[in-house]
Amino acid sequence: MTSFDTSSPQLNVWRAMLALAVVFVMLATTGWTALRTHRESGELQASRDKWTHGSLHGLRLPDPEADPARLTRFFVSLSAQDRSRLAHRYPLAVGNMNGAPVSLRYQANHLALEQQRAVERERMHDSRLSTAGQQDAGRRMHRYESLLTPGRQILSFDPSGTGRISEVFGNLAKAQRISVVVPGVDTDLLTFQKTNRPYTAPVGMAKALYAAERTAAPKTRTAVIAWADYTSPDGLGVDAATGARAAEGSLRLNALLRALPGRAPVSMFCHSYGSVLCGVAAHGMPGRVADIAVAASPGMRVSRAADLDTTARVWAMRDATDWIQDVPYLELGGLGHGADPVASGFGARVLSARDAQGHAGYFTPGTDSLRNLADIGTGAYDSVTCAGETDMCRAGLGATATARRA
């Protein structure tokens, strides 16, 4: 037996290091290694600073980063007029404040979007900007106009950098089941929704899931959040191969989850790099999170589902045509995201993703993947379709599925 015997543990390590080296060199030589850092919002921070030094009827306002329960009690103690007054004074602070009533956050973010639209409209005609700068201002202005369409429910909005945002479909305050869609790389204000290939963007994903849930369980009140309130990696560079953005985003995600109104069970639907974020956030998620379902995952930064340290059911799916299956499923020196969630040894409940077509097709209407996600979102676990035409993913869920179905 030579030192390069195929069963040698040393060879397996060597192969893993070589794979990472090849990926790194490929990314570097193709110019994909550009990193994007999040620039803290001047507008958002200014609004929070004004809130911190502000008052209402001579009394100081609570810390905007206080526990959501305390902030909820504060807003409940106010009259409708006083709540509206605060939203007008500090729109970005209130619009991004976990613990503020969701209806008030919608109102505050509408005001903030109107203000930012005016800013970008002026920038469109600012002679000090380059042509490219004026065009970028035009794109952002038109995005704000779209987000200001009557009936849209913007739960968070940060205009800094490339922008962060989240939107609600359905009645979040009265929902019996809540779903949260966490997207992957290249997600920002301008890619939050798309006219072409709409189901590859957070708004299209969430809309499709909301419609599928209503079809699957028409008597169940559901709400879906398109959550793009984190700074995602820019492209498939080194940033996407590490957990830095996931670690930052996990804090924001768990802050939202802890502040959700009511007691409805929550299901997480995490796509691509979003599954990395959900993996990092899993141990800190509140107990009401019943499910974590990942699609097209490069890994969840653990070796086994049990290492996520969560009571939530862990589901995974991957279409046969998805290129993500070719990435090295390992982690060395901070690069890579760990084991393959659809591998038998990982321990997730593996779902069918038939007809998803590639890396970005999991929320396309008519696919097994979307039907399965909707069944999970409505608690109809006994209706999901397992991968490989087996019933393995439903093992042990019979009684639980019936009990949780709303």
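Reader: What makes the disulfide of cysteine 386 and cysteine 393 left-handed?

Author: In this predicted model, the torsion about the S-S bond of cysteine 386 and cysteine 393 is about -85°, and so the disulfide is left-handed.

Reader: How do you know that a disulfide joins cysteine 386 to cysteine 393?

Author: The distance from S to S is 2.0 Å, and because a disulfide is a pair of cysteine sulfur atoms within 2.5 Å, the pair of cysteine 386 and cysteine 393 counts as one.

Reader: How many disulfides does the structure hold, and which pairing do the bonded cysteines of the chain follow in sequence order?

Author: The structure holds two disulfides, and with the bonded cysteines numbered in sequence order the pairing is 1-2, 3-4. Cysteine 270 and cysteine 278 also form a disulfide, with their sulfur atoms 2.1 Å apart, and its S-S torsion is about -85°, so this disulfide is left-handed.

Reader: Why is aspartate 291 called buried?

Author: Aspartate 291 has a relative accessible area of 0%, and because buried means under 20%, the word applies to aspartate 291.

Reader: What makes aspartate 291 and arginine 313 a salt bridge?

Author: Their closest N and O atoms are 3.0 Å apart, and because the cut-off for a salt bridge is 4 Å, the contact of aspartate 291 with arginine 313 qualifies. The pair links distant parts of the chain, with aspartate 291 in strand S8 and arginine 313 in strand S9, 22 residues apart. Arginine 313, at 13% relative accessibility, counts as buried.

Reader: Which residues do salt bridges that share partners join into one network?

Author: The network consists of Asp158, Arg164, Asp229 and Arg252. Within it, arginine 164 forms a salt bridge with aspartate 158, the closest N and O atoms being 2.9 Å apart. Arginine 164 counts as buried at 5% relative accessibility, and aspartate 158 counts as buried at 0%.

Reader: How do you know that the span of helix H7 agrees with what it should be?

Author: Helix H7 runs over residues 131-147, and at 1.5 Å a residue its 17 residues should span 24 Å; the end C-alpha atoms are 25 Å apart, which agrees.

Reader: Which residues of H7 are buried, and what covers them?

Author: Among the buried residues of H7 are Gly133, Ala137, Arg140 and Tyr144, and what covers the buried residues of this helix includes helix H6, strand S3 and strand S4.

Technical notes:
Residues are numbered from 1 along each chain as its sequence is written. This is a predicted model: local features need pLDDT of at least 70, side-chain atom pairs count only at pLDDT 80 or more; totals for chains, interfaces and linings use all residues. Side-chain values use heavy atoms; hydrogens and water are left out. Helices (H or I, at least four residues) and strands (E, at least two) are DSSP runs, numbered from the N terminus. The expected span of a helix is 1.5 Å times one less than its number of residues. Buried means under 20% relative accessible area, exposed over 50%, partly exposed in between (1.4 Å probe, protein chains only). Contact means heavy atoms within 4.5 Å. A salt bridge is a side-chain nitrogen of Lys or Arg within 4 Å of a carboxyl oxygen of Asp or Glu.
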